[in-house]
Amino acid sequence: MEWCQSIPKVELHAHLNGSIRDSTLLELARDLGETGVLVFSDFEHVILKSDRSLVEVFKLFDLIHMVTTDHTTISRITREVIEDFASENVVYIELRTTPKKNKLIGMSKRSYMEAVVEGLKSINSVDVAFMPHDVDTHSPLNSLSIDNNCNVTPRKRIYVRLLLSIDRRETTEDAMETVCWQLKLDLKFAPLIMDGMFTFFLHCSLQVKLALELKDVGVVGIDLSGNPIVGEWTTFWPALQFAKENGLAITLHCGEVPNPKEIQAMLDFWPQRIGHACFFEGDNWEKLKHLNIPVEICLTSNIRTNSISSLDVHHFADLYKVNHPLVICTDDSGVFSTSVSKEYSLAASAFGLGKKEIFQLARDAIEFIFADNEIKKILNQVFDSYVTNLA
Ligand code: 5GP
């Protein structure tokens, strides 16, 4: 476990609110209890329980969303989550979250995302590189910090990119808003909207602008998540297709429950990555391998939610054996009381992988990130420098 903690790692499947610290969740629930919004004792045991079924997990998410509604809290959780991942040597993370609206407190999907970005900006303990221009090829692993007494110390660096999640409870329109949150709220183009002559120009400009603005705050892709027994693929497809056509990368929660028709439709869509892949069978299983779509593997999550009965029968083994692209992830480190290091450690013991294999597995994840090649180059340098420092 200690060794797994020491190596650089890449996290590609982490939900912001699912990665909340237990201590923060307890504190926020207690505060809300004091204001009479909820009865704290009703929730305390739910928070402290660790072996939750899939149904209980989604109940817990409802509680988490009750206590994490305002901008300040979203910024705080973002800060803590990134600090936690950085503390165990995650050097690149794609953090996903569903932008939420709440008219009562003036929260829009855009302001929700701005709160996330504020959270990233507020981190002092580590160097957070989340804007494309934060790329610094000279010092990929650490930057230097100078305190008031002119002492120079190396600071850890973590590269952060964001994925916007579409929740399966959302309508087509909501999903489209998640993809286009920049587009809908950008007032600079309002004069053009008034002028029919510019309709064509507007259409093209907004699409380009959307892609550029999303990049500016480090958004690189879209995820489809939420309760897998809710909603229909046809509802989300238009927004996902629109996102794809505009250059956003797509990852889908796929095959979390037995639903061969949906799995087939998702594979036909050909996303850049999928999450979980627990209930694949027959042709779909073969097709997944044939298409070589990278799978985000969340071992603890799959066991806790009873999607997989035990690690002995986990599909990781089959996929690993045929060299299928895989990346070890946490899913919800808070909800499932896990960490990336624990997940690697679990993979090592469950599937008999040695240090060399684990290191290679961690390094291979670089290939499946949604950020550009420049970042891939930097991450490869980070892994190289780890090896050099050991020698
Ligand atoms: P948020 O998007 O609020 O930051 O993160 C929590 C949300 O992520 C949950 O409400 C749920 O929609 C989604 N999520 C977290 N874990 C899982 C999972 O294991 N499966 C699915 N399908 N969705 C999840």
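The protein has 18 helices and 10 strands, both taken as DSSP runs numbered from the N terminus (helices: H or I, at least four residues; strands: E, at least two). This is a predicted model, in which local features need pLDDT of at least 70 and side-chain atom pairs count only at pLDDT 80 or more, while totals for chains, interfaces and linings use all residues. Residues are numbered from 1 along each chain as its sequence is written.

**Confidence**

- The mean pLDDT (the predictor's confidence in each residue, from 0 to 100) of the protein is 86, and 86% of the residues reach 70 or more.
- Residues 182-212 have a pLDDT below 50, and this stretch has 18 contacts in the model beyond near neighbours in sequence; two residues are in contact if their C-beta atoms, placed from the backbone, lie within 7 Å.
- The model has an ipTM of 0.99 and a pTM of 0.89.

**Overall fold**

- Among contacts with a separation of 6 or more, 72% join residues 24 or more positions apart.

**Ligand surroundings**

- The ligand is surrounded by 17 residues, the closest being His-15, Leu-16, Asn-17, Thr-97 and Thr-98; a residue is near a molecule if its C-beta atom, placed from the backbone, lies within 6 Å of it.
- This shell divides into 3 nonpolar, 10 polar and 4 charged residues, where Ala, Val, Leu, Ile, Met, Phe, Trp, Tyr, Cys and Pro count as nonpolar, Asp, Glu, Lys and Arg as charged, and the others, Gly among them, as polar.

**Helices 2 and 3**

- The axes of helix 2 (residues 22-34) and helix 3 (residues 40-48) come within 9 Å and cross at roughly 170 degrees; axes are lines fitted to C-alpha atoms, for helices over the stretch in contact, with angles from 0 to 180 degrees between N-to-C directions.
- Helix 2 is therefore roughly antiparallel to helix 3, the term for angles over 145 degrees.
- From helix 2, Asp-22, Leu-25, Leu-26, Ala-29, Arg-30 and Gly-33 meet Phe-40, Phe-43 and Ile-47 of helix 3.
- The residues of this contact divide into 6 nonpolar, 1 polar and 2 charged.

- His-276, in strand 8 (residues 273-276), has a positive phi of about 80 degrees although it is not a glycine.
- His-276 counts as buried because it has 27 C-beta neighbours inside 10 Å.
- Ala-277, in the loop between strand 8 and helix 13 (282-291), is not a glycine either, yet has a positive phi of about 55 degrees.
- Ala-277 counts as buried, with 25 C-beta neighbours inside 10 Å.

How values were computed
Angles under 35 degrees count as roughly parallel, over 145 as roughly antiparallel, 65 to 115 as roughly perpendicular and the rest as oblique. A residue is buried if 20 or more other C-beta atoms lie within 10 Å of its own, exposed if 12 or fewer, and partly exposed in between; C-beta atoms are placed from the backbone.
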